[in-house]
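The sequence and structure come before the discussion.

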Amino acid sequence: HEYWGQLTDGRMIFEGEVPLPPASKFQGHRTIRLSFIPMGADKVRQFSESLNVDGTWSINYDLIYTRRAKAK
């Protein structure tokens, strides 16, 4: 996978081309957009979308990463 992007309005946004699986009825690549959104000092949201043939975006996943508390 190869992605490119930049920081926009406080979000890190990448777009890239992902190869389709061999069993797919389509050939080639799919355009993916990844957004990393800060949610405070200890949380980041990762939001993934795929570009559809009609030009709209579909959600792949929506994750939240939280920093683990330090061991005492």
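R67 is exposed, with a relative accessible area of 59%; here buried means under 20% relative accessible area, exposed over 50%, and partly exposed in between, with a 1.4 Å probe and protein chains only. R67 forms a salt bridge with D42, and their closest N and O atoms are 3.0 Å apart. A salt bridge is a side-chain nitrogen of Lys or Arg within 4 Å of a carboxyl oxygen of Asp or Glu. Because R67 lies in the segment after β5 and D42 in the loop between β3 and β4, the pair ties together parts that are 25 residues apart in sequence. D42 has 43% relative accessibility and counts as partly exposed.

## Basis of the model

This is a predicted model, in which local features need pLDDT of at least 70 and side-chain atom pairs count only at pLDDT 80 or more, while totals for chains, interfaces and linings use all residues. Residues are numbered from 1 along each chain as its sequence is written, and side-chain values use heavy atoms, with hydrogens and water left out.

Helices (H or I, at least four residues) and strands (E, at least two) are DSSP runs, numbered from the N terminus.

A search of the whole structure finds three salt bridges. One of them joins R33 to E49, with 2.9 Å between the closest N and O atoms. This pair links distant parts of the chain, since R33 is in strand β3 and E49 in strand β4, 16 residues apart. R33 is partly exposed at 22% relative accessibility, whereas E49 is buried, at 11% relative accessible area.

D62 forms a salt bridge with R45, the closest N and O atoms being 2.7 Å apart. Here too distant parts of the chain are linked: D62 belongs to strand β5 and R45 to strand β4, 17 residues apart. Both D62, at 41% relative accessibility, and R45, at 26%, count as partly exposed.

## Arginines over rings

A charge sits over a ring if NZ of Lys or CZ of Arg is within 6 Å of the ring centre and within 35 degrees of the ring normal. R33, the salt-bridge partner of E49, lies over the face of W57 at 3.9 Å from the ring centre. R45, the salt-bridge partner of D62, lies over the face of F47 at 4.7 Å from the ring centre.

## Aromatic pair

The structure holds one aromatic pair. The rings of F14 and F36 have centres 6.0 Å apart and planes at 85°, so the pair is edge-to-face. Rings of Phe, Tyr and Trp (its six-membered ring) pair if their centres lie within 6.5 Å; planes under 30 degrees apart count as stacked, over 60 as edge-to-face and the rest as tilted.

F14 lies in strand β2 (residues 11-19) and F36 in strand β3 (residues 29-38), so the pair ties together parts that are 22 residues apart in sequence. F14 is partly exposed at 22% relative accessibility, and F36 is also partly exposed, at 25%.

Strand β1 (residues 2-8) runs antiparallel to β2 and is joined to it by seven bridges; two strands pair if DSSP finds at least two bridges between them. E2 stands opposite E17 in β2. The two strands form a hairpin with two residues between them.

D9 is found in the loop between β1 and β2. Its phi is near 55°, a positive value in a residue other than glycine. Most residues other than glycine have a negative phi. D9 is exposed, at 78% relative accessibility.

## Nonpolar patch and a buried serine

V44, Y61, L63 and Y65 make a nonpolar surface patch of about 320 Å². Patches are made of residues with over 30% relative accessible area and no salt bridge, like charges being joined within 9 Å and nonpolar side chains (Val, Leu, Ile, Met, Phe, Trp, Tyr) within 5 Å. Accessible areas come from the Shrake-Rupley method with a 1.4 Å probe; for residues, only the protein chains shown count as cover. Strand β5 (residues 57-66) gives the most to the patch, with three residues. L63 lies in strand β5 and is partly exposed, with a relative accessible area of 34%.

S50 lies in strand β4 (residues 43-51) and counts as buried at 2% relative accessibility. The C-alpha atoms of S50 and M39 are separated by 23 Å, the two residues being eleven residues apart along the chain.
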